[in-house]
Amino acid sequence: QKLKQLNQFPDFNNYLIFVLTRLKSEDEPTRSLSGLILKNNVKAHYQSFPQPVAEFIKQECLNNIGDASSLIRATIGILITTIASKGELQMWPELLPQLCNLLNSEDYNTCEGAFGALQKICEDSSELLDSDALNRPLNVMIPKFLQFFKHCSPKIRSHAIACVNQFIMDRAQALMENIDTFIEHLFALAVDEDPEVRKNVCRALVMLLEVRIDRLIPHMHSIIQYMLQRTQDSDENVALEACEFWLTLAEQPICKEVLTSHLVQLIPILVNGMKYSEIDIILLKGDVEEDEAIPDSEQDIKPRFHKSRTVTLQHEEERPQDPDDGEDEDDDDTLSDWNLRKCSAAALDVLANVFREELLPHLLPLLKELLFHPEWVIKESGILVLGAIAEGCMQGMVPYLPELIPHLIRCLSDKKALVRSIACWTLSRYAHWVVSQPPDMYLKPLMTELLKRILDSNKRVQEAACSAFATLEEEACTELVPYLSFILDTLVFAFGKYQHKNLLILYDAIGTLADSVGHHLNQPEYIQKLMPPLIQKWNELKDEDKDLFPLLECLSSVATALQSGFLPYCEPVYQRCVTLVQKTLAQAMMYNQHPEQYEAPDKDFMIVALDLLSGLAEGLGCHVEQLVARSNIMTLLFQCMQDTMPEVRQSSFALLGDLTKACFVHVKPCI
């Protein structure tokens, strides 16, 4: 409130810049904060700053970019790029020439401050800098930056590369004209002692591989040798940037030709990168074996996006292809993010798809050692390797599977939770082969063990087992019919056991089961097991709860499978779907009329409800007629078909088709 009040004074921003640049008696964090408040004001209403205030701020920034404190320099840099991205690059013609000029300063602080500001401007305005709007400043800037690749300070060298890197992907003309100098300078910095410099060199080479591979081909052998070194860099950030190189190279047509002779070195490096690091294990609470009683914190649960029925009835795309994707424990971002383990596994996966069986001679000797290793971290990485190559090397792996699959099934009962969870994922990658064998050989033991894991006392294992089971269901389809009773007992038991996040995955496993076995689910004993817990959840959830999405999707699959078996439950389900559509349309109307008073509705509620109505119409067929007769669904449907959001229109057309098949009498009057 105080800030709002102070912002009424036109020259309040003069005071903010004064505290940042001149009030040396205050401590640095306070001065920096004053600059950040000013930055927010610039973002919000720079257009309404009085001219003299704007001029004073710009002048102060340029005069003090060389402040003795690196925190103050960085703050001024942020302020400069914020003003520049407010359309001020055109209105502040002296900015770029002055900053470039300051790079020549003998004073380290001035040079570093100016470079820091330039790097931020290059990040925020790279397209504008490479356009005629500004008279092509890059023609001067890029050659200037290249000179600083040889600067004695690692911080400055790092800034210089980072600045040029902003222009690679857009193939800026000024960079393309200096491309050979750029590449030469990069090679000169290849073994720089500063990790930040090495990281930027790796990042540059990865991007060049994508946009100017023609320039790298003559040096490809030495670049590959270099990247092999860097992928083992002692600094994990450098290793991660370098590891991206293999992912990018795998997408290039020349991959096989240039990489074949290096596989013997590369494969062991990637495999080695697939072990959990010590810090991973701490963050993953790898030593906590039982956590099923601990409630999930809300930020653990990633937002889920509804997949329309009309696009695909399979739930394929929703399940993470990445075995570690459940790793957002607490709000620690370090793991849910990209790391060396994930990047190495992804690289091995894409390379397996390029080289197929040719990868195996390099891998099999390693795999034997890893999979049976006494240390769990090493054994775990071996199971991940086996899963990563499943798609690309399937043909070549077939002879070994009769020995490996039973070993993996044994790993499902390992004493370490992280071994049990990765075994779930890897087995799911071989589900297709398992299902192609006589069921008693592998399918039955695998299913029995996976169902036990669904009831594991560790949440990550529960999640991995549920996802793996859903994949198995898709592959096995009606092969599962003899075991339905046993499967349903487990899934229903899990309902009472699971915390919030895994419940959402359980819905997916139940929906996929219904899709896979279809009408075989329509048996009184099965319905009796499955429906009460689903309906109980349905009654617990409020209309505005996003957990309805996966539950409605699940019910849609169940209704389609049960057909007339769903009749006893259809009335309340149907009514609620109509209510959800009606509520969302009403909220959208209020928002359109008074956007300042009302919030925009989340239209996913309407989409999911329309899709479940489609499921009911498909499953119940002509029995849906009485329900439609007693509701205004046709009126609502006509509104949905004209919605601004394509997904809403798509789902409403699908429902129109299903209603036309199921009860044309009610569609006919609206034609």
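Predicted model: local features only at pLDDT ≥ 70, side-chain atom pairs only at ≥ 80, totals over all residues.

Me: Are H32 and H33 roughly parallel or antiparallel?

Reply: Take H32 as residues 524–540 and H33 as residues 548–562. Their axes come within 11 Å and cross at roughly 150°. Angles over 145 degrees count as roughly antiparallel, so H32 and H33 are roughly antiparallel.

Me: What's the class make-up of the contact of H32 with H33?

Reply: On the H32 side you've got Ile527, Leu530, Met531, Leu534, Lys537 and Trp538. H33 brings Leu551, Leu552, Cys554, Leu555, Val558 and Leu562. Sorted by class, that contact comes to 11 nonpolar, no polar and one charged.

Me: And H16 with H21: roughly parallel or antiparallel?

Reply: H16 covers residues 236–250, and H21 covers residues 340–355. The two axes come within 9 Å and cross at roughly 20°. Since angles under 35 degrees count as roughly parallel, H16 and H21 are roughly parallel.

Me: Which hand does the crossing of H16 and H21 have, left or right?

Reply: The axes of this pair cross at roughly 20°. As for the hand, the crossing of H16 and H21 is left-handed.

Me: How many charged residues sit in the contact of H16 with H21?

Reply: H16 contributes Glu236, Ala239, Leu240, Cys243, Glu244, Trp246, Leu247 and Ala250. They meet Leu340, Cys343, Ser344, Ala346, Ala347, Val350, Leu351 and Val354 in H21. Split by class, there are 13 nonpolar residues and one polar, and the charged ones number two.

Conventions
Residues numbered from 1 in each chain as written. Heavy atoms only, no water. Axes fitted to C-alpha atoms, helices over the stretch in contact; angles between N-to-C directions. Helix = DSSP H or I, 4+ residues; strand = E, 2+ residues; numbered from the N terminus. Parallel < 35°, antiparallel > 145°, perpendicular 65-115°, else oblique. Contact = heavy atoms within 4.5 Å. Nonpolar A, V, L, I, M, F, W, Y, C, P; charged D, E, K, R; others polar. Left-handed = near helix turned anticlockwise from the far one by under 90°.
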